Each structure stands twice: as structure tokens, then as C-alpha cells.
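Dear colleague,

I am handing over a structure that you have not seen before.

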Amino acid sequence: MRATAKIDVKHLSLFYGDKQALFDVSLKIPSFQTTALIGPSGCGKSSFLRCLNRMNDIVSNVHIEGKVLLDKEDIYISSIDVVELRTRVGMVFQKPNPFPRSIYENVAYGPRIHSLFKNKSDLDEIVELSLKRSALWDEIKDRLHQPATRLSGGQQQRLCIARAIAVNPEVILMDEPCSALDPIATAKVEELIDELREKFTLIIVTHNLQQAARVSQQTAFFHSGYLVEAGETGALFTMPQDERTQGYITGRYG
Amino acid sequence: MSTSTASLKKRRLKEQYFRLAGFLSVLLAILFLGGVLGDIIYKGAPAFFRTEISSKLYPHLLNAHARYTIDKPWVIASDDVDMYYKKGYSNRLTPLQIQEINMLKTMGQIRVSFNTGFFTHSDSREAELAGIWGGLVGSFFTLLVTFITAFPLGVGTALYLEEFAPKNQITHWIEANINNLAAVPSIVFGLLGLVLFIHFLGLPRPSALVGGLTLGLMSLPVIVVATRAALLSVPHTLKEAALGLGATPLQVLFHHVLPAALPGMMTGVILSLARALGETAPLLIIGMVAFIATPPSHFLSPATVLPVQIFNWSRSPEMGFVENTSGAILILLLVLALLNGGVVFIRRRFEVLK
């Protein structure tokens, strides 16, 4: 890892009640790069992602061991405010989940609750910039005050990305952001992910190996709760070190 | 090929039978409903009209109280005259009285006019003077108490149980009990109200306060169940989206969950209030069955409610009260229809926003 580690996960284990979902995972996430998490269903990659902004907290009976360091600071110690953490580490979900409000209000919601603007024109600017960064502005600039639920699935997902970047996070977590989208919408989101890398550190969970190869610089392969292998994407796909990784990327199972 | 078309035909036929059965059930239901409603309207509509006489020559044809109101040109006739003149029931009149009425008719001194007293008077022993005003005011006060007590308590309980309470054995037990309470017969709540509010707290007996509190007890579990169902129907993804942006649980609740759940919540609350409005049994138990001839002026004054008044009238043998009973039922149904219309309006209003 040449770049500095934005997130440093050390010996992380996750338990849902008695069931252990992650086993002693250690992984460094470099700044301003895209890290892809791949692996078969139920391997723990989504659970791992949700540890990074403590979204697992809302599930009852969750218990965690190990450390997650964000800029060298453990996010699981009690002095960390979850609300503040989640403004630094934003999230985009598998299914587009815009609020049942207008397009404008969706993007403005984050800045509003965190008071990130001085006046209305400030807020307008944040909304416009976020929508431009998410490559949605040209399509919807004339109907900012229409319900977001009327947008197509792909547009909704890009709106969710705009909503996430409106609070200016440092890291954006994406949990299979394209699994509910058609190929054209997927291509747009992938293109977007590549552009966002300039400003943000991205971590994306994906089932689509080609997608991981296309958008990421680093890839981590999970299997039954273990981090099997992690490394530079090109190297991992061409010369996997572990037999299981090789089996998965060549399509023998998963 | 032929077997498959035969089986297809059979399946189509089955579907047609099923459709026919469904259509017939709807038809039958409409017939019954129309029959009941038609009967009530037929019997109740005359209650909105009364017979008046402009001659003072035959005081025995006039209402006993109204006959002294000499300043008015038209005086309310007695209910026996009213029944004869409007509907032709003559069994409580002497042949002479019938003759007198017919004479008044030829002289144009007897008429049927709109019965304003039915809406402005309170209960009376005399059918021609009895009105629903007292019952309406009593129902209003009672329902107000029910709303003030049951709405915040019910919604608060549901919010806490659904959004904040730890999911453990105790809350599970509480939830199960609330669900069961929603199905308890209303008369049981009447007994509870009698013991709790009258015997234990010593509140005045036939008051709107006690009635409203008792109906509030009855509505509480229904409101809790309806509110929880509305909260549960809010998609989890919506909460995650807000939490992921760094909203606090309270912000998630007030900015996203409550607005999304509001139409369902309001529907549950209004429907349970509508049920409370039509409720009779628990109010009989707590003594709201008394004959009360003046509308209540405050929450502690003796009061009756519309359905109890209907119940009381229905036990009176006079023909005039039979008419009044149906007339009052029509008004009660109208109020209930308005409440249900409010539910539809709220649903439409909020669905437009989505």
C-alpha cells in the first residue's frame, strides 16, 4: 500500500448473537482509492462494510472485537459520536432509497441536519454541486422540486450518491450499488465512482467481478467470514495467491 | 394437446364460478345494506318534520307544554295528532278528534313544517318535543375526553414500543397483552371504568368525563395496534438512509418515520374514535343511561350521548319515538360517514405527497 491508510481495520471480529460473521479481519483502506470487497453471498463483506460507519449498531445483539481506525482514531471507543462518524463516512445502499420528498430536499437533507450552510443560496450551491458531481444535474436541473420517487432506478441511485456527498464525507461506502440497476445505469454509476475517487475514499461491495476489476484499485476477497486475500486489483485478478480466490474469480464457485 | 385444452377449459370454468360467487356475495351484501338503510330512512325521515296547528280552539290537539305559548301563530301539535296527520295512525285519537283535525285541514290551520326542535331540543318525555341536541353535545364532550386521553397515550406507547424499547421478554409480553386488549368486548371496559373512575376515584356518575375516560380505555389498545402497524410499514431502507447521513434516532423518527406513518396512524385513530362515538354498552354500565333533559355545560355535568339516547328512545312505546329513534340513527350515521370521509381525505392528501 503506497498511499496512506484512511481506514485501518485491526483484528476485527463480528458476532450476531452467538453466530460469528467475521473472523479476525485486518485490512488497510488507502485514501483516494476505490477498494472493492468481493466474495460469495454470506461471506461477510456487507457486514464488514457496515462496521466501518457503525451501521451494525442498529441491529440488536451485535458484538464486535478488534479495532477500526479512521485516521488513526478508533471509531468504536465511547468518545466517538456515531452521528459525527456517519457524516465522515457516508453510505449508499443496495436498493435506491430516496426520501419521499423532492429531489432538492433529498440532497439538502444532510446539509440541513448538520447546518452546513449559512443561507439559502449556500444550500442551493451545495445541492447543485452535489448533483453535478453525481452526474445527475443535467438530467434533472429543471425539475428539482419534483418527487424523487418519480426518477428512474438509476437516477435514484445517483441521487442517493449526491445525497451522500452533499455532507462532504471523507469516505463513501457502497453496498452493491448497482445490483438493482440495468447495464446502462450501471455503466453511469461506475463512471461516477471513478470520478469520485479524486475527492473521496471509496469502498464498494460488489457481486460483479468485472465491476470490481473496472472500478477498483484494491480488492479484498472474503470467504465465510474470513478475509482470504487483499491486494492491488490487477494483481489479485491475474495472480491470486490463494486457491480459494482463484476458484472464485475463475468462476468455479460462488 | 387436447388434454391440455380440456384442463384449461376446466380451470377457466372454475374461475368463472368463483367470480360469480364473489359477484353474488357483493350483490347480497348491497341488498341487505340497502334494505337496512332504506328502512331507517323510511322510518326516520318523518322525524325531521312536525305537525303544527294555528288555531287555539282545540287545545287538546296541541302539545301540553306548547299550548300556552300564545304569542306564536303556529303551535306544535301533540304526537298523536302528528302521527295521524303525517302517517294516518288513528288508533290513539277519538272519532271527534279526527273530525276536528280534518276540519282544521280544510281551513288550512294545520300544516307540516321542518322540525327544528329535533336538532335544537334535548331529550323529552314527549316525542314531539324530544331532540338530539343534548346527545350531540354529550357525544362531543365525551369524544373530546376520549381523544385527549387516548391519542397521546396510544401514539406515545406505540412509538416507544416500536422505536425505542429494547426487544426483550417484558416488552414482548406487553405487546401481546395490548393486542389481546384490542379484542376485549367493550362492555368489559365499561366494568373497568365503573370500578376505576366511579368507585375508586369517585368521579361524578353520568358525566362526559367518566364516559370519555372509559371510551378512552377502550380505544387505547386499538390506537396502539394501528399506530404500530403504521410504523412497521415504514420501509427500513428509509431509516437506514437517514441514519447513514448522520441523522440522530430522534431526527429519523420525526423527519422520516412519523411523516411516512402519519396517514396510517390518523386512519387508526379516527376509526377508533368513530367506534367510540357509536359505542353504547360500556356507557350503560357507568350510568350514562339516565334521562337527561338538558345538554351538558361542562365535562362534569350529567350527560348522555347520541347512541345511548337512541337506545333509550328505542325502548319507548310511543309511535313518535319510533320515528325519533330512526331519525337519530340517521344523524349518527351521518356523523360516522363524515369521520370516515375524513379518513379518506387524509389518505388522499398524504398519498399525493409521495
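Predicted model: local features only at pLDDT ≥ 70, side-chain atom pairs only at ≥ 80, totals over all residues.

Residues are numbered from 1 along each chain as its sequence is written, while chains are lettered from A and ligands numbered from 1 in the order in which they are written.

Between the chains, 16 residues of chain B are in contact with 22 residues of chain A (contact: C-beta atoms, placed from the backbone, within 7 Å). On the chain B side, helix H9 (236-244) and helix H10 (249-277) each give two or more residues, and H9(B) provides the largest share, with six residues (helices are DSSP runs of H or I, at least four residues, and strands runs of E, at least two, numbered from the N terminus).

Within H9(B), B:Lys239, B:Ala241, B:Ala242, B:Leu243 and B:Gly244 are buried (20 or more other C-beta atoms within 10 Å of the residue's own, all placed from the backbone). Their cover includes helix H2 (82-88) and strand S6 (89-92) of chain A, together with H10 of chain B. Just after H9(B), B:Gly246 takes a positive phi of about 90°.

Chain B is assigned domain 1 (46-115) and domain 2 (133-353), with bounds from an automatic or database domain assignment. The centres of these two domains of chain B, taken over C-alpha atoms, are separated by 44 Å, and seven residues of domain 1 are in contact with seven residues of domain 2.

Best wishes

Notes
Contact = placed C-beta atoms within 7 Å. Buried ≥ 20, exposed ≤ 12 C-beta atoms within 10 Å, placed from the backbone.
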